[in-house]
Amino acid sequence: MGDSSAVEQSLVQGEEVKREEIISQNESQLKAPTLVHYKWWIQMIIYSILVLSTQAIGTLLGRIYFEKGGNSLFIAGNCMLYTIGLQYLPVTTYSLICASQLSFNAIFSYFLNKQKCTPYIINSLVILTISSSLLVLHNDDSSERTNNKTSRQKYIFGFLSTLATSAGNALMLSITQLTLQKIFKKESFHLIIEMSIYQSISSTMVLLIGLFASGEWKKLVKEMNEYELGKISYVLNLIGTSICWQFYTVGSVGLIFKVSSLFSNVISILGLPVAPVLAVIFLHDKLSGIIVMSMVLAIWGFVIYVSTLS
């Protein structure tokens, strides 16, 4: 009897040990996804803040550049065509056309990245597009076509340039996601930096070729001397703009890594109303109800989209 009870006791103890091991394994399995989940959200928030802040500051610096006497295509913030649009269009019209990039990206993502277009996502995209479209109704003196100094031909040229580059940039975002999915597959911050640098180097080379081929480089010294805010401000504006858009590219590629090219574009559209708000604070523009409504709709559309991620 003593032997049998000892065996039973050892069996019970063995089962308890196994049960404790299973419980500990389950707890560790539950904790691991939670930590990964939190890490994912933190990284996504960091990249989003990077895109929102640098996009707004870069756009504002570009506006200051052209208003104070700059006129080179060398200022290319995102690319040469975007710069043409920013030079010949009001900020509000420019922002409105940039909003079309979201529609282009949704189409490219559907066919290239197999993006699921649920009713919530479609609703979010519509609200974000309306939010950006409202900005065109915000008429302030500083945003208009500088007392008709911009000719109709240049205005149309700026419109078409901005529209073309919106479609091109949307396609680039989808192709970037496709490349990450099919070729690299594994994500790393080092790879994000590399891709951002390669994109920027490619754009810079094209711009430099155009700058020297057109002979516009000869005008840079004169432009700097005639800049209203002075030579130092001219150089600082160029450097600041370049740094802003470089960090914007890092944040944009990071969001493609973490979520999708469409979400990266959603964050970019969310940031469009931020530039007019900063213009109110730093350039003393007037704050209208249109800007406030645009911000509210942008946040609303963003919240709807984010709810589909959880």
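Guide: Let's start with a word: buried means under 20% relative accessible area, exposed over 50%, and partly exposed in between, with a 1.4 Å probe and protein chains only. By that cut-off, 42% of the 310 residues in the chain count as buried. Keep in mind that this is a predicted model, where local features need pLDDT of at least 70, side-chain atom pairs count only at pLDDT 80 or more, and totals for chains, interfaces and linings use all residues. Residues are numbered from 1 along each chain as its sequence is written, and side-chain values use heavy atoms, with hydrogens and water left out.

Visitor: How do you know how many helices and strands the chain has?
Guide: Helices are DSSP runs of H or I with at least four residues, and strands are runs of E with at least two, numbered from the N terminus. Counted that way, the chain comes to 11 helices and zero strands.

Visitor: What makes a set of residues a nonpolar core?
Guide: Its members are buried Ala, Val, Leu, Ile, Met, Phe, Trp, Tyr and Cys residues, joined through side-chain atoms within 4.5 Å. The largest one here has 32 residues, and L102, L125 and V266 are among those with the most contacts inside it. Its largest share, seven residues, comes from α8.

Visitor: Which residues does V266 touch?
Guide: Contact means heavy atoms within 4.5 Å. Leaving out residues up to four places away in sequence, V266 touches L102, L125, L128, F302 and Y305.
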